[in-house]
Amino acid sequence: MKERILNYILQHGSITTWEAFERLGCTRLSEYIRQLRLDYNITDTTVSKVNRYGEKVYFKKYMLGE
């Protein structure tokens, strides 16, 4: 799964928890990101969106750094 996540980031530029779950079937993205950070410069940013209930929600977006 770790390699699948890395490949997804390389192909798409970033990954979010929702993308990991929906597209890769991964429910433990933060753990795999922790493992990838041992060998790669994985950076993150906090993204906010409005959910279906009109509430502002926050989540992480992970990408490969320089």
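Q: What makes Leu10 of α1 count as exposed, and which other residues share its face?
A: The model is a predicted one. The term exposed requires over 50% relative accessible area. Glu3, Leu10 and Gln11 carry that label, and they sit on the face of α1 turned away from its buried side.

Q: Why is Thr16 called buried?
A: The relative accessible area of Thr16 is 10%, and the label buried applies under 20%. Thr16 is therefore buried.

Q: What surrounds Thr16, and where does this residue lie?
A: Thr16 is found in strand β1. Apart from neighbours within four places in sequence, Thr16 is in contact with Leu29, Phe59, Lys60 and Lys61. Across the strand pairing, Thr16 stands opposite Lys61 in β3.

Q: Why are the buried residues of α1 said to line one face of the helix?
A: The buried residues of α1 are Ile5, Leu6, Tyr8 and Ile9. Viewed down the axis of α1, these buried residues fall within an arc of 160°, so they line one face of the helix.

Q: What do the buried residues of α1 pack against?
A: Their partners are β1 (15–16), α2, α3, β2 (42–50) and β3 (56–64). Just after α1, Gly13 takes a positive phi of about 90°.

Q: Why may β1 and β3 be described as paired?
A: Pairing requires at least two bridges between the strands.

Q: How many bridges join β2 to β3, and which residues illustrate the pairing?
A: Nine bridges join these antiparallel strands. Among the facing residues, Val47 stands opposite Phe59, and the bridge partner of Ser48 is Tyr58. β2 and β3 form a hairpin with five residues between them, and Gly54 in the turn has a positive phi of about 80°.

Q: What makes β1 and β2 the edge strands?
A: The three strands form an open sheet in the order β1-β3-β2, with antiparallel pairing. β1 and β2 are the edge strands, as each pairs on one side only.

Q: Which residues does Ile15 touch beyond its neighbours within four places in sequence?
A: Ile15 is in contact with Ile5, Tyr8, Ile9, Ala20, Leu24, Leu29, Lys60, Lys61 and Tyr62.

Q: What is the overall make-up of the protein chain?
A: The chain has three helices and three strands, and its elements run α-β-α-α-β-β from the N terminus on. Buried residues make up 27% of its 66 residues. Of the contacts with a separation of 6 or more, 40% join residues 24 or more positions apart.

Note on methods. Residues are numbered from 1 along each chain as its sequence is written. This is a predicted model: local features need pLDDT of at least 70, side-chain atom pairs count only at pLDDT 80 or more; totals for chains, interfaces and linings use all residues. Side-chain values use heavy atoms; hydrogens and water are left out. Contact means heavy atoms within 4.5 Å. Buried means under 20% relative accessible area, exposed over 50%, partly exposed in between (1.4 Å probe, protein chains only). Helices (H or I, at least four residues) and strands (E, at least two) are DSSP runs, numbered from the N terminus. The arc is that of the directions from the helix axis to the C-beta atoms.
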